[in-house]
Amino acid sequence: MREPSAPARVVQVTFDAADPKSLSIFWAHALGYVNDDPPAGFETWEEALEAFGVPPQARNSASAIHHPDGAGPRIFFQQVPEAKAGKNRVHLDVRAAPGLEGEARMAALEAECERLVARGAARLDRHEPAPPMTTGHIVMADPEGNEFCLD
């Protein structure tokens, strides 16, 4: 007998970060996302945080981005005191070359890699296509060392 499943849930991806604002800017650029709007009645987040009495030293404790059309998960960045200590157990695959194969695929991944390196990412490794099981990808790290793949 099959167990009843839970209802579908909306997912938010959360990153621990030393600098949530800067990391959210990097990922917004990488994914084509936008920063969350400030609360109603405020032009900027800075204005809202000032009005809410948040001390200046606590104003970079969180940041969030979302797909402009609501098509992907919201990504939340929360400040933590400790640095990243090891390899990610979960990572994002950024689909930078959907539908492409072979040299055209790897050229598209290389172009995206260069674009993100210019924004503070680091290139870690290139995995060549090995048909029929893999199509090739590039492993990278964001400015705080979180690994992700260009796929």
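1. Helices here are DSSP runs of H or I with at least four residues, strands are runs of E with at least two, and both are numbered from the N terminus. The model is a predicted one, in which local features need pLDDT of at least 70 and side-chain atom pairs count only at pLDDT 80 or more, while totals for chains, interfaces and linings use all residues. Residues are numbered from 1 along each chain as its sequence is written, and side-chain values use heavy atoms, with hydrogens and water left out.

2. Helix α3 spans residues 102-117 and includes R105. R105 counts as buried because its relative accessibility is 3% (buried is under 20% relative accessible area, exposed over 50%, partly exposed in between, with a 1.4 Å probe and protein chains only). Beyond its neighbours within four places in sequence, R105 is in contact (heavy atoms within 4.5 Å) with A97, L100, T135, G136 and D151.

3. Four strands form an open sheet in the order β1-β4-β3-β2, with mixed pairing; two strands pair if DSSP finds at least two bridges between them. Its edge strands, each pairing on one side only, are β1 (12-17) and β2 (34-35). Strands β1 and β4 (residues 74-79) run parallel and are joined by six bridges, and T14 stands opposite F76 in β4.

4. The largest nonpolar core has 22 residues, of which W27, L116, M140, F148 and L150 touch the most other members. Such a core is a set of buried Ala, Val, Leu, Ile, Met, Phe, Trp, Tyr and Cys residues joined through side-chain atoms within 4.5 Å. Two or more residues come from each of β1, α1 (20-31), β4, α3, β7 (137-141) and β8 (147-150); α1 gives the largest share, five residues.

5. Six aromatic pairs are present. Rings of Phe, Tyr and Trp (its six-membered ring) pair if their centres lie within 6.5 Å; planes under 30 degrees apart count as stacked, over 60 as edge-to-face and the rest as tilted. F15 and F77 are stacked, because their ring centres are 5.3 Å apart and their planes at 25 degrees. Since F15 lies in strand β1 and F77 in strand β4, this pair ties together parts 62 residues apart in sequence. F15 is buried, with a relative accessible area of 9%, and F77 is buried at 0% relative accessibility.

6. Ring pairs also link F15, F26, W27, F77 and F148 into a cluster.
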